[in-house]
Each structure stands twice: as structure tokens, then as C-alpha cells.
Amino acid sequence: MTTGSRRITFFATCIVDQLYPTVGMAAACLLEQQGVNVDVPDDLLCCGQMAFNAGFRDDAYTIAGRTLEVLRGKGDVVLPSGSCAAMIRHLYHELFAHTPFAAAADELAHRTYEWSEYLVDVIGVTDVGAHFSGRITYHDACHGLRFLGLGKQARMLLNHVAGAEVVPLPGCDQCCGFGGLFAIKQASISTAMLERKLEAIESTKADLLVTGDVSCMTQIAGGLSRRQSAIRTRHLAEVLANMVDAR
Amino acid sequence: MTQTIAFYDRVDQALHDTALQTALNRATTRFVGNRVSAISALCEADRLRDQARAIRAYALAHLDELLPQLAANVEARGGHVCWASDGEEARRYIIELARARGVRSIVKSKSMASEEIHLNEALEHAGFEVVETDLGEYIIQLAGETPSHIIAPAIHKTREQVSALFEQHLGMPPTTEVPPMIRTARQALRQRFLRADMGISGVNFGVADSGAIVIVENEGNARLSTTVPRIHVAIMGIERIVARLADLGVMLQVLARSATGQKLSVYTSLICGSARPGEEDGPEEFHLVLLDNGRSRILGGQYAESLLCIRCGACLNACPVYQAIGGHAYGGVYSGPIGAILTPLLQPDLPDAYLLPQASSLCGACQEVCPVRIAIPDMLLRHRADAVRAGKAHPVEKAAIRGYTLTMTHPAIYRASGKAARLFSRILARKGRFRRLPPPLHLWTKQRDFPAPPSKTFRELWAEHRKQRSQNGA
């Protein structure tokens, strides 16, 4: 294995670290395989999105301020989550406006990337030599789609997965209903939205639902599992790292 | 968390109302599809939206010049202008005018501004007969309801429900066919137009440089309401202004395409005051009510952008929350994403208005379709921050966020609580999933499983990977 001149800081995010470690491993190892030097700072924990979205700006400021400090001078930052990347790139500006951190926040926004975006747009890789035999369908996570303009990168990568048949998901850009605390505070609306998503997913007869955000994965996989569906849910990185066992 | 507040009751009701679900599904799907094809037919849709935003932004930035200019031009054309700082002033002006002119019967064409000030109620209370003439609005007037959509007020009704209403109120034989229903309504409404003394309309755009007010519609009822009766009263929110007649080319296009997917609405009326001497058509008197009602308070603040809104309703149609619960669940006059921003600002007395901005997954579909690119999710987030600052956060949520903040700023606590969660999951989880969690997380597991944390964190796996790699001498 070689390490090239590219160095990035890999921000696993709190959910990936605690709930989806394989997503983190898949994403970070794939970057290494592409010759990227991956650094995982031990004290880099969370972007603060949950507090910010719930309206607790002081708390968000505390968490994000710490993250900003940890990431100071660390070069490009890559996250395996569109929504956390969108938090840093889109919302840190609002959070830190008129504070001593404003300039640092804007500077960080410019060197922050979502993982598939970094892979395709920055390194220029679309074929990582992955294989999967079965039908794959892809759900666009809202924050990545609308605040970072993602979607085409994931599709390009999936189209190079040997043996996979990528089928379109009806309403692929419709929200799955997660929305952080929304999923609990407005549980009935959230699950009504989820039902629509699950029906669309099941209509594709896919073996695998792929998305780029572990938040959506938590919601969708939670619903599919409750329905005892055979469709599995995986993060894009897991598919590309051949971490999805064939059945 | 508390589920007993009115808002949550309305949400539950809506989610269990099968007729509502059917109607919403049919209508929003159609609107969304139409909008997509109408917008994609435009090769320069993005530029048009930028222009529309610029036109609206200019108008808002120059309200202090444009409003007096509009008023002066209206008066120069023989119209009268009422500056109403709130709903009370607007209602009083219209009621006093109607009394002074011996009005008995009033016809209305749909106007969200008049809904906002509950004008019908006040007029009826003052003894006037008021009939809504827009088909959708007429239907909900018969049903004793309020609009559930900015441009399609009866979007929540199925045709079966409309048939039942017409049978009850107009003696129409039951039918599921739309044309006989339209015929029945038209016949009933024609009589009302002919005997009305006053017509009340809303305003889509007030044009400052020419004193014209613009009304777009598809049924022609606004045209009848504003020309047949001898008095025409138009009510306009002070922000609904454009500087120049030339701005309409852009605004009318984006409005129609965003609202219903039409290239242009069927009728576009530019009304310049009352009938001049010698003119056969038009009312004898024209009054323009310029309604502030909280708008000048919004101007210049962190929600100022919401005043760019041209009330096309595209954000409602695109919103998955609106699609699930419909407009009435929002409780205010304006529903959907833009309603969740406007209601807490314009109707601060509504006790659960602060909850509306919570009812969003922040998916951004609203911003994507907004013809003037209002950053709706950002403003929903600001409302949430305001609610927290005002002490409205639920104690459980507040405690949870405190715990979360403590955890995410102290690596030792973070590691320890992660360990605790994994221990906890060994007891409660089955096959890597929780099927049941204690409150408040039970709200998650009611209809969804939750993943149990695996035995090792990413950090631990990565440390092992690194160690192995250095041993291999890589």
C-alpha cells in the first residue's frame, strides 16, 4: 500500500463512530487505497448538527467551536455523511456569523468535502474495482442532494460496480422522514414519510438500498427491518469496499 | 414528549383521515408533476428565477418609496387608498365603507390577505351577506372551513365530499362527475354576482409605477367580482409590490409555472382604478387596502426574506410534511413551509405557532422549488432558535441536548457513554436491533427498529487497522 501526497482529515462523525463503524472503515480504507494519507484525530467527535437543528445554538456553538478548533490547519476534511458535511459547509457560516470564529468557519467550509464528492470530484476516481451481484437502488439523502449538489458522484461510482444492476428508485429525491430529532418529536409525520419511502424501495425489487448518509440509513433500515423486508440497507462506501456479503 | 398540544392532535387527525390523504395525494402529485414539466420547458428557468428574486428584493428594499408611489398613482386614477396597520383597521375601513354605501351583498374572489384578517367573519357579523366566488373557496365556505392551501383552498376535499356538500346546500343530485358540479356552482354564483353591491379581491402584485393592481386566476370569478358590483375593494399585503409594469413579464411567468404548472394563468387582470366617465364597464369606486399587519416588523430582521414570497404554493406541494398532513394541521392562515415561517410572525398569538417550524425534516425540497429562492430551511432553523431562547423547549429535549453537548465536548465522557450504550445494548438488543426503547426513544421504536451499537467503535477499528499496517511495515 502506498500513501501519496494527498493528506486528508477523516471526520467519521459521531453516528458512524458509534453505530456504523464499518461505514467509517470502508470510507477511510477506500481513500487509503487511492493513495490518500488518512488522518483520524482522536478528539474529533461531532459537528453539532443535532443541537443546531433543534434550535440550541449555544450548545451547537460549544460543540462546533471545539470541532473548528480541532480541524484548524488540518487540510482537507472528508466526511462519510452528506448532512454533517452540509452542516459544516452551509450552516457553520450562520452559526459563527458575527463571532471571532467567523473567518475560520468560512475557511473550513472551503476545505470540507462529503466522501463521494471527494472521491469523484477531487481525486477523479469513479471505478474502485467493487463487485456485487444483485439489484441496487439509490436514495438521495436530502442534505447532500440539496445543500451540496451531490447525487451524480454516487451514481457514477455505483455504475462501475461489477455485477450490479442499478435500478432507479421512484421519488429518489423525496425525504425519508429522518430529520434528526424530527424523527422522534414528530414521530407520526416522520413515519408517514418513511412509509412512502419504503413502498417506493420495495417497488424496485432491489436487493440493496444504498445511500450516502447514515441518518437516512438509520431511518430506512429501521423501517425495512420492522417490516421484515429482505432488502438490505448499506452506505455507498460499504458497497464500494465490497463489505456487502453476497447472499 | 408532550403529544397533547393542539398541533399534535391536528396532525394525528390528518394522518388518520383517509379522504384527506386521498385528496392530498392526488392533488399534490398533479401539481408537482405539472410544475416540473412547466419549469423544465423553460431553457432559462434558473435565470428567470434569479430575475424574479431580484425584482422582489428590489421592491422590498424600496418599499418606502414604492408604496407611496403606488398609492399616489391609485389616487390619481380616482381610487382610494387605506393604509391599514393591522387587521382591525382594515376590517373597520371596509365595514364602514360598506355601511356608508348601503351595501347588502358582497362577492369575494380568493384572497389570502382577507383570510389573514378574518374578514368574512367580521363582515357577516356586521350583517352583510358574503359569498366566496372562487370554486374552491366557495366549497369550503359551504363546508364552514378555511383554506388548506394558498392557491387551492379545497385541495383537501375529494370530489365525493364536494358532491355531498352541493347536494346538501344546492340540491344537486349526487354525482362523481366534475362538470355537473361546476355547472351547479356556477349557476348559484351567477345570481350572487348580479345582486352584489361590493366586490372584494386580493392582489397578486401592486405595480408602483402605474398604480395598477394585478390579479391572476383561472376561473374568471375575480374578473366578475371586480367589475360587476359598483364598489371594488382590493386588499394587498404591503410587500406584494413590484416597481414597474415591465417587471410583470417575469413575475407572471414564474408565478403561474410554480403554482399550477401553467405557462400563464387563464386570466390576468390589470386593474387601474374605477370606471372613468364614459366607460361602460368597471365599478364606480375602487379602494385599495394596504395591509401591514406585522409585515413592517419582519422587514429588516432575520426573516425579511420571507416577504419575497409571491404565494405560489409550490413549497406546499413539494413539502413531504404538507403532503402527509395537509394545510389545516398547521392551524394558521398560511400552511406548508412558508406558513411555518409566516404564522409565528403574523399570528404570534397562536399558542402552538412555535411548533410549526419543528414540523420539518429540513429536507430542502421547498427551497429547491421556490421561484424566488427563499432560504426556507434556514429560517425554520432561526425560528427554532428563537423558540429555545424564549424558553419554549421541552424539558426532556433540553436535558437531552445538555447531555449531548457535554458528551460531544469531552472525549472521556464520549468514550464512557459509548461503552455504556454498548453494555446496555447487549441486554436489550436482539440481532443487532432494538425493537423497543424506553421513553422518549419509544417514539422511535413504535414503528422502526433502531440499530444497536456494534462491539467496537470506528475509532477502535481504525486504531487496530493502523497498528496492523505499521506492523506490516506499510
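Predicted model: local features only at pLDDT ≥ 70, side-chain atom pairs only at ≥ 80, totals over all residues.

Colleague: Why is E238(A) called buried?

Modeller: Its relative accessible area is 7%.

Colleague: Which residues are in contact with E238(A), leaving aside its neighbours within four places in sequence?

Modeller: E238(A) is in contact with T22(A), V23(A), A26(A), M217(A), M243(A) and V244(A). Contact means that heavy atoms lie within 4.5 Å. V210(A) is 28 residues from E238(A) in sequence, and their C-alpha atoms are 9.1 Å apart in space.

Colleague: How do you know that the radius of gyration of chain A agrees with that of a compact globule?

Modeller: For 247 residues, a compact globule would have a radius of gyration near 18 Å; chain A has 18 Å, and therefore the two agree. The C-alpha trace of chain A spans about 50 × 50 × 25 Å along its principal axes.

Colleague: What makes up the secondary structure of chain A, and how much of the chain is buried?

Modeller: Chain A has 13 helices and eight strands. Of its 247 residues, 65% count as buried. Among its contacts with a separation of 6 or more, 78% are between residues 24 or more positions apart.

Colleague: How far apart are the mean positions of the positive and negative charges of chain A?

Modeller: They are 4 Å apart, for 21 positive and 26 negative charges. In chain B, which has 56 positive and 47 negative side chains, the centres of the two sets lie 13 Å apart.

Colleague: What can be said of chain B as a whole?

Modeller: Chain B contains 22 helices and 12 strands. Its C-alpha trace spans about 100 × 55 × 45 Å along the principal axes, and 55% of its 474 residues count as buried. It exposes about 20,400 Å², of which carbon and sulfur atoms supply 53%.

Colleague: How many residues does each chain bring to the contact between chain B and chain A?

Modeller: Chain B contributes 73 residues and chain A contributes 72. The area buried between the chains is about 6,400 Å², with 59% given by carbon and sulfur atoms. On the side of chain B, R448(B), F458(B) and R459(B) lose the most area to chain A, together 12% of what that side buries.

Colleague: Is G87(B) buried or exposed?

Modeller: G87(B) is buried, because its relative accessibility of 5% is under the limit of 20%. This residue is found in helix α5 of chain B, residues 87-100. Not counting residues up to four places away in sequence, G87(B) touches I117(B), L291(B) and N293(B).

Colleague: What is noted about phi of N293(B)?

Modeller: Phi of N293(B) is near 50°, a positive value in a residue other than glycine. N293(B) is placed in the loop between β10 (285-291) and α13 (295-298) of chain B.

Colleague: Where is R373(B), and what is its phi?

Modeller: R373(B) is in the loop between α17 (365-369) and α18 (376-389) of chain B. Its phi is near 55°, again a positive value in a residue other than glycine.

Colleague: Why does N293(B) count as buried, and why does R373(B) count as partly exposed?

Modeller: N293(B) has 16% relative accessibility, which is under 20%, and therefore counts as buried. R373(B) has 26%, which falls between 20% and 50%, and so counts as partly exposed.

Colleague: Why is R190(B) called partly exposed?

Modeller: Its relative accessibility is 43%. This value also lies between 20% and 50%, so the term partly exposed applies to R190(B). R190(B) lies in helix α10 of chain B, residues 178-195.

Colleague: What kind of peptide bond joins P439(B) and P440(B)?

Modeller: A cis peptide bond joins them, with omega about 0°. P440(B) is found in the loop between β11 (433-434) and α21 (442-445) of chain B. Most peptide bonds are trans.

Methods
Residues numbered from 1 in each chain as written. Chains lettered and ligands numbered in written order. Heavy atoms only, no water. Helix = DSSP H or I, 4+ residues; strand = E, 2+ residues; numbered from the N terminus. Rg over C-alpha atoms; globule rule 2.2 N^0.38 Å. Buried < 20%, exposed > 50% of the residue type's maximum accessible area, 1.4 Å probe, protein only. Lys, Arg positive; Asp, Glu negative; His and termini not counted. Charge placed at Lys NZ, Arg CZ, Asp CG, Glu CD. Buried area = accessible area lost by both parts, 1.4 Å probe. Areas by Shrake-Rupley, 256 points an atom, 1.4 Å probe, with all protein chains shown as cover.
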